[in-house]
Amino acid sequence: MSECRQPPRLVLLGKQGAGKGTQAARLADHYGAAHLSTGELFRAQAASGTAFGLEAKRYMDAGDLVPDEIVLGVVEECLAPGGPLGDGFILDGFPRTLPQASALDGLLGSHGLDLVIDLEVPREIVLDRIAGRRVCENCQRVYHVNSPPTVNWTCDTCGGEVKQRDDDTEEAVERRLTLYDQETVPIIEYYRERGLLTVVDGVGEGDEVFERLVKVVDDRIHA
Ligand code: ADP
């Protein structure tokens, strides 16, 4: 746990397969901050069969973005005073469009973000990572075909079934990467202009990448 008085408010940007989910969970644990993955939240809703989850799943399985108004409705609830995100949080997979980024500014008001991190990984590497990615349906822990769970595709952490995500098909991945370039890359510039952006190399072992992330966050919050 870091010595800062309040957990930081961070956004993690990066292509599909850049490692955002894994690193965001570790950062949240390290800094005692909440972790919001909009993708995980939608998958959990879809698995519970709620109307909202099933609607989101239609977009997700096609590799499309869930419409801004649906995403914003959910995030607004999470960020509301007394809501589950509290004072410090790591946002993973949100914002993903310019309207979402500007809505987030409005929701946060004067106590804005501390830092936005672009976790940079080349396209060839993310394609390879996603092709081999397997995820626990229950706790969402991420594995790879080259580093599977110890016993028969059941999760080492919770015993849940570990399988390929429904939206990790070649077609959906292609579409998601295209949408990342079209819709999410403009946000990088948006945050750069506001002096909030830092780029971190996401290639390497998980622990190594995590150390890089902690360094840039500590540098910012202790500055
Ligand atoms: P990935 O980054 O690999 O696409 P996520 O778990 O972050 O995985 O998201 C899965 C899917 O959930 C996205 O492809 C999209 O359909 C939907 N989604 C998640 N976050 C958002 C968002 N902020 N805006 C629109 N759609 C979203």
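An open sheet of 5 strands runs in the order E2-E3-E1-E4-E8 with parallel pairing; helices (H or I, at least four residues) and strands (E, at least two) are DSSP runs, numbered from the N terminus, and two strands pair if DSSP finds at least two bridges between them. This is a predicted model, in which local features need pLDDT of at least 70 and side-chain atom pairs count only at pLDDT 80 or more, while totals for chains, interfaces and linings use all residues. Residues are numbered from 1 along each chain as its sequence is written, and side-chain values use heavy atoms, with hydrogens and water left out.

**Parallel sheet**

- The edge strands of this sheet are E2 (34-37) and E8 (197-201), each of which pairs on one side only.
- From one strand to the next, the twist averages 20°; angles run from 0 to 180 degrees between N-to-C directions, and axes are lines fitted to C-alpha atoms, for helices over the stretch in contact.
- Helix H8 (residues 206-221) packs on the sheet and touches E1, strand E4 (115-120) and E8, with its direction at about 155° to that of E4; contact means heavy atoms within 4.5 Å.
- E2 and strand E3 (residues 89-92) run parallel and are joined by 4 bridges, with Ala34 opposite Phe89 in E3.
- Val216 is placed in helix H8. Leaving aside its neighbours within four places in sequence, Val216 is in contact with Leu115, Ile117, Thr198 and Val200.
- The C-alpha atom of Val216 is separated by 34 Å from that of Gly160, 56 residues apart along the chain.

**Antiparallel sheet**

- A set of 3 strands forms an open sheet in the order E6-E5-E7, with antiparallel pairing.
- Strand E6 (142-144) and strand E7 (162-163) are its edge strands, each pairing on one side only.
- Between strand E5 (residues 133-136) and E7 there are 2 bridges in the antiparallel sense; Val135 has Lys163 in E7 as its bridge partner.
- Helix H6 (residues 123-131) packs on this sheet, where it touches E5 and E6, and its direction makes about 50° with that of E5.

**Cavities**

- The whole structure holds 2 cavities of 30 Å³ or more. On a 1 Å grid over the protein atoms alone, a cavity is a set of points where a 1.4 Å probe fits but cannot get out, a pocket is an open set with protein on both sides within 12 Å along at least five of seven lines, and lining residues have an atom within 4 Å of a point.
- The largest cavity has a volume of about 60 Å³; grid points are joined across faces, edges and corners, and a volume is the space filled by probe spheres set on the points.
- Its lining consists of Leu12, Leu13, Gly14, Gln16, Lys20, Gly93, Phe94, Pro95, Arg96, Tyr180 and Thr184. Strand E1 (9-13) and helix H7 (170-193) are the elements that give two or more residues to this lining.
- By class, the lining of the largest cavity has 5 nonpolar, 4 polar and 2 charged residues; Ala, Val, Leu, Ile, Met, Phe, Trp, Tyr, Cys and Pro count as nonpolar, Asp, Glu, Lys and Arg as charged, and the others, Gly among them, as polar.
- The second largest cavity, of about 40 Å³, is lined by Gln16, Leu65, Arg96, Arg176, Leu179, Tyr180 and Thr184. The classes here are 3 nonpolar, 2 polar and 2 charged.

**Second largest pocket**

- The volume of the second largest pocket is about 390 Å³. Of its 16 lining residues, Arg43, Ala47, Glu137, Arg165 and Asp166 are the closest to its centre.
- Helix H2 (38-48), helix H3 (51-61) and E5 each supply at least two lining residues, and H2 gives the most, with 4.
- The lining of this pocket divides into 6 nonpolar, 2 polar and 8 charged residues.

**Aromatic pairs**

- There are 2 aromatic pairs in the structure. Rings of Phe, Tyr and Trp (its six-membered ring) pair if their centres lie within 6.5 Å; planes under 30 degrees apart count as stacked, over 60 as edge-to-face and the rest as tilted.
- The Phe42 and Phe52 rings form an edge-to-face pair, because their centres are 5.8 Å apart and their planes stand at 70°. Phe42 lies in helix H2 and Phe52 in helix H3, so the pair ties together parts that are 10 residues apart in sequence.

**Backbone geometry**

- Most residues other than glycine have a negative phi, and most peptide bonds are trans.
- The peptide bond from Phe94 to Pro95 is cis, with omega near -5°; Pro95 is in the loop between E3 and helix H5 (98-108).
- Gln140, in the loop between E5 and E6, is not a glycine but has a positive phi of about 70°.
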